[in-house]
Amino acid sequence: MIKWREDYSIGVESIDQQHKHLIEIAGRVYDTLKNQFYMDKYDKIVEILKELEDYTIYHFGEEEKFMKEIGYEGYFMHKIEHQKFIEKIQSIDLENIDGEQDKYLLDIFNFIADWLVNHILEKDKAIIK
C-alpha cells in the first residue's frame, strides 16, 4: 500500500495535490487487488487504467507548464520521463489482463507505486531546488 507522506511534498500546493490524487489512484489499484468480493475485476482494472492515463496526462501537462514558467533546466529530460510513463500505461494489453487479473493488478500497482515514489522524491523535488 502507498500513502501520502509529507516528505513527498515538493512545496508547490497544486502539484502536491495532484500527486496525492495519483497516490489515491494507486490505492484503488491495491484495494481492487485485495478485494475478494470482486469475482471479475476486468472492468474495474480498465476503469482505473483509463483514469490513471487521463489524470497523468493532465498532471504532467500542469507540471511541465510549471517547469517552463520557472525556467527549469531539466525540463526536457523530465518531459521524456513523463512520456515514457504514459506510453507504459498505454501499452498495457487489456486482452491479456482478463486471464490473470490479480497478477496484472499487482504489476500495475508495483509499477505505479515505484514510479511515483522515485519520481516524486528524485525528479520532482529537483524542480524546486
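**A nonpolar core and the helices around it**

In this predicted model, the largest nonpolar core has 33 residues, and those touching the most other members are Val29, Leu52, Ile112 and Leu116. Helices H1 (13-34), H2, H3 and H5 each supply at least two residues of this core. The biggest share comes from H5, which gives nine residues. In soluble globular proteins, nonpolar side chains tend to be buried together.

Apart from neighbours within four places in sequence, Leu52 is in contact with Leu22, Ile25, Phe85, Ile89 and Ile112.

Next, consider how H2 packs against H3. Helix H2 covers residues 42-70 and helix H3 residues 75-90; their axes lie 10 Å apart, at an angle of about 175°. Because angles over 145 degrees count as roughly antiparallel, H2 is roughly antiparallel to H3. On the H2 side, the residues that meet H3 include Leu49, Leu52, Ile57 and Phe60, and on the H3 side they include Tyr75, Phe85, Ile86 and Ile89. By class, this contact of H2 with H3 has nine nonpolar, four polar and five charged residues.

H2 also packs against helix H5 (residues 101-127), with axes that come within 13 Å and cross at roughly 10°. H2 and H5 are therefore roughly parallel to each other. Among the H2 residues making this contact are Tyr42, Ile45, Leu49 and Leu52, while H5 contributes residues including Leu105, Ile108, Ile112 and Trp115. By class, the contact of H2 with H5 has 13 nonpolar, two polar and two charged residues.

Methods
Residues numbered from 1 in each chain as written. Predicted model: local features only at pLDDT ≥ 70, side-chain atom pairs only at ≥ 80, totals over all residues. Heavy atoms only, no water. Axes fitted to C-alpha atoms, helices over the stretch in contact; angles between N-to-C directions. Helix = DSSP H or I, 4+ residues; strand = E, 2+ residues; numbered from the N terminus. Parallel < 35°, antiparallel > 145°, perpendicular 65-115°, else oblique. Contact = heavy atoms within 4.5 Å. Nonpolar A, V, L, I, M, F, W, Y, C, P; charged D, E, K, R; others polar. Core = buried A, V, L, I, M, F, W, Y, C linked by side-chain atoms within 4.5 Å. Buried < 20%, exposed > 50% of the residue type's maximum accessible area, 1.4 Å probe, protein only.
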